[in-house]
Amino acid sequence: MENQTTEKTLYDYQREDLNTIFKYLGEMPQGSNLLYQLPTGGGKTVVFSEIAKRYINQSQKKVVVLTHRIELSLQTSKMLTGFGVKNKIINSEVKEFSDQDEYMCFVAMVETLNNRLQEEKVEIKNIGLVIIDEAHYNSFRKLFKYFEQSTILGVTATPLSSNIKLPMKDHYQKLIVGESITSLIQKKFLAKANMYNYDVGLQSLKLGISGDYTVKSSDELYGNQSMLGKLLTAYQEIALGTKTLIFNNGINTSRYVHETFKKAGYNVRHLDNKNSAAERREILDWFSNTPDAILTSVSILTTGFDEPTVDTIILNRATRSLTLYFQMIGRGSRVLPNKNEFTVVDLGNNIARFGPWDAPIDWQEIFHFPDFYLENIKNDEEIEREFVYEMPLELREKFSKSHAIEFDIKEEYKKVFAQGLKSKTVLERSIEQHAQICVENAEDVFDARILAKALKEEIAYRVRQYSYCIMNNTKNYKEWLEEDYERKLRSSISRRFAAKM
């Protein structure tokens, strides 16, 4: 999709957006800044390559395209060439700029161009348009002062600044919203996401200065045995044998994930920013060519990485960044002749925080009132309170002899409260209900205890519901309650079998 040349012509929605952009470029005074939103996979590079070509032809002024990663510079330069736009990459090798008259278009990385302009070795003359890819990053701001006479066009999938203190509306006068994800799925340009989420307690995560969860607290939570076990189970239940990309928030977690999957006998590799360019290439080639490959990494594959054959994305992390959420899932959304859907497994309550990936989203409102949007992102406790546990089908089958396996803690609490009984009665009744379904579906006491062990997730959920009811939600107290619950459940099972004898 991203490698088309002029012969292939643009898709209808791309052409419409292009015409809208040129309409505003024509109306706005020179030196205005315009922002264009298009989902990951919508072909942003294609659109701005055609913009560059048309702009140069119409105005005879030069265009600079800015990116923040070397891979993106190379991809962009190649695309521009495909569109017949002769361009030069300004990289760290370019010290002088004697041949600039031969080119109408330049592609540069932010840092490199900033250094050259600061050293005053480079002065690009006659720049009419500056196109900024991934414009939500704030590293681009320092270059604005050099291009006050030029028009700036920012391009992004998520027009929300990565820094709460620097809203995008301060730098761009207008936002043009492109095609929605749902529409791109309907038109077969993006794959449909099948989304699964597991309940995860995130109370131990801490928010850092950037407004997102710290790597340290994430490593502690996601690096522990129970979370690694949950991840492995999720993979086995939903994604077994598929080409899978796992996103973590911390190199340590990614290494633990690598060990866990390796031990379980799966085809897995780990990639982080410490790998050399050659290692990275080798790992990505392996990933591309191995049907059941599992690649675990930190956030380095969120931009500029394109591997259409990914079947499953696992979010083994929580984030409060809408941009990151869209970028991670977007890595699985490419379509192929034999691929029109993909799977997302969420282990960070991200779907509950931001809504489904393809849900309608009001970008104009987010652009104009980012503070309001950010303040209203659901907090973790709220998400956990609203979570409803559903027993997985395989587990439900193990209790097939029981009619009623549900037990509503909140409803039971209301009854107990109305009757003036002790609140502990709620858990006692829950334990008896669990004991009953274990005994009903077991041949002997050993079978029943194995079934009781399988209820660990549901027990944790019921204990948490109970702790909300009694307003005591501390971690230690819940852990103690869970252990106490499991112990009482075992003894209730033993009692019931003894009574049978």
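Me: Which residues does tryptophan 357 touch, leaving out those up to four places away in sequence?

Reply: Contact means heavy atoms within 4.5 Å. Tryptophan 357 touches Ile181, Ile185, Leu190, Ala191, Ala193, Met195, Tyr325, Phe326, Ile329, Gly330, Ser333 and Phe342. This is a predicted model: local features need pLDDT of at least 70, side-chain atom pairs count only at pLDDT 80 or more, and totals for chains, interfaces and linings use all residues. Residues are numbered from 1 along each chain as its sequence is written, and side-chain values use heavy atoms, with hydrogens and water left out.

Me: Are phenylalanine 342 and tryptophan 357 buried or exposed?

Reply: Buried means under 20% relative accessible area, exposed over 50%, and partly exposed in between (1.4 Å probe, protein chains only). Both residues are buried.

Me: How many aromatic pairs does the structure hold?

Reply: Rings of Phe, Tyr and Trp (its six-membered ring) pair if their centres lie within 6.5 Å; planes under 30 degrees apart count as stacked, over 60 as edge-to-face and the rest as tilted. The structure holds 17 aromatic pairs. Phenylalanine 342 and tryptophan 357 have ring centres 5.6 Å apart and planes at 85°, so they are edge-to-face. Ring pairs also link Tyr325, Phe326, Phe354 and Trp363 into a cluster.

Me: Where does a charge sit over a ring?

Reply: Look for NZ of Lys or CZ of Arg within 6 Å of the ring centre and within 35 degrees of the ring normal. The charged end of arginine 54 sits over the ring of phenylalanine 22, 5.0 Å from its centre. Lysine 23 lies over the face of tyrosine 24, at 4.4 Å from the ring centre.
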